[in-house]
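Please look through the structure shown below and follow the chain from one end to the other. The paragraphs after it go from the overall layout to single residues.

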Amino acid sequence: MGQEFSHLDEEGRARMVDVSAKGESVRIARVKVDVLLNARTMELLVQKALPKGEVLGTARVAGILAAKRTAELIPLCHPLPLDFADISFDIDEAAGIVHIEAEARTSAKTGVEMEALVAAQMAAATIYDMCKAVQKDIRITDCRLVYKSGGKSGLFQAD
């Protein structure tokens, strides 16, 4: 028999998982996502010359704000007191890729994977929003959990 879905009750209805009996632990999650830009858009981004202003600072703040509001966006997600949330960027100008990494940390009864996922995706969406005036075919790709620690399932590191 496979693993049960914890968000379903006996009748198969969606429900919030009861974490009241779980102990608190430090939990960390990191998520990566890539934004693909053409050469001209990448040049404008690096030069901070896009019409909407400085892209990466705005995307960083958007990602952090999104992490803090995750439970309002994902219906069965527990509201968590975040101890830390941040977004970092690695620009590969030659390949036209903005690599984004979001990290979220908490001391709680449940993990912060959703907060890191929402943060990374909102940072990517903000880059799209701020660049769309000069490029319509921007691609947001390869969003994935790369690290998680804490809780019953312990450590996960992507290959």
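**From the whole chain to single residues**

Among contacts in the protein chain between residues at least 6 apart in sequence, 71% join residues at least 24 apart. The model is predicted. The protein chain has 159 residues, of which 38% count as buried. Its C-alpha atoms fill a box of roughly 55 × 30 × 30 Å along the principal axes. The chain contains four helices and five strands, and their order along the sequence is β-α-α-α-β-β-α-β-β.

The helices come next. Two packed helices are described by the angle between their axes and the distance between the axes. Helix α2, residues 55–68, packs against helix α4, residues 113–131, at an angle of about 145°. The axes of α2 and α4 are 7 Å apart, and the crossing of α2 past α4 is right-handed. Which residues make this contact? From α2 the contributors include V55, L56, A59, A62, G63 and A66. From α4 they include V118, A119, M122, A123, I127 and M130.

Charged side chains give another view of how parts of the chain meet. How many salt bridges does a search of the whole structure find? The search finds ten. In one of them, the side chains of E103 and R30 meet at 2.9 Å, N to O. E103 belongs to strand β3 and R30 to strand β1, so this pair ties together parts that are 73 residues apart in sequence. E103 has a relative accessible area of 12% and is therefore buried. R30, at 24% relative accessibility, counts as partly exposed.

A second salt bridge joins E101 and K32, whose closest N and O atoms are 3.8 Å apart. This pair also links distant parts of the chain, with E101 in strand β3 and K32 in strand β1, 69 residues apart. E101 counts as partly exposed because its relative accessibility is 23%, and K32 counts as partly exposed at 32%.

A further salt bridge involves a helix. D86 pairs with R60, and their closest N and O atoms are 3.9 Å apart. D86 is in strand β2, residues 82–92, while R60 is in helix α2, and the two are 26 residues apart. D86 is partly exposed at 30% relative accessibility, and R60 is partly exposed with a relative accessible area of 31%. Salt bridges that share partners also join R30, E103 and R105 into one network.

Now consider a charged residue without such a partner. R27 lies in strand β1, residues 25–36. R27 is buried yet has no salt bridge. Where is the nearest side chain of opposite charge? That side chain belongs to E113 and is 6.2 Å away, whereas a salt bridge needs a distance within 4 Å. A polar atom of the R27 side chain does lie 3.1 Å from the backbone oxygen of K109. Not counting residues up to four places away in sequence, R27 touches several others, among them K22, A104, R105, K109, V112, S149 and G151.

I97 counts as buried because its relative accessibility is 17%, and the cut-off for buried is under 20%. The C-alpha atoms of I97 and M42 are separated by 8.1 Å, although these residues are 55 places apart along the chain. Leaving aside neighbours within four places in sequence, I97 is in contact with D34, V35, L36, M42, D90, I91 and D92.

Finally, turn to the backbone. Most residues other than glycine have a negative phi, and most peptide bonds are trans. What is the phi of K48, which is not a glycine? The phi of K48 is positive, at about 55°. K48 sits in the loop between α1 (39–46) and α2, and with a relative accessible area of 57% it is exposed. D142 is not a glycine either, and its phi is positive at about 60°. D142 lies in strand β4, residues 139–149, and its relative accessible area of 47% makes it partly exposed.

Key. Residues are numbered from 1 along each chain as its sequence is written. This is a predicted model: local features need pLDDT of at least 70, side-chain atom pairs count only at pLDDT 80 or more; totals for chains, interfaces and linings use all residues. Side-chain values use heavy atoms; hydrogens and water are left out. Buried means under 20% relative accessible area, exposed over 50%, partly exposed in between (1.4 Å probe, protein chains only). Lys and Arg count as positive and Asp and Glu as negative; His and the chain ends are not counted. A polar contact is a pair of N or O atoms within 3.5 Å; within protein, one must be able to donate a hydrogen and the other to accept it, and residues adjacent in sequence count only if both atoms are side-chain atoms. Contact means heavy atoms within 4.5 Å. Axes are lines fitted to C-alpha atoms, for helices over the stretch in contact, and angles run from 0 to 180 degrees between N-to-C directions. A crossing is left-handed if the near helix is turned anticlockwise from the far one by less than a right angle, and right-handed if clockwise.
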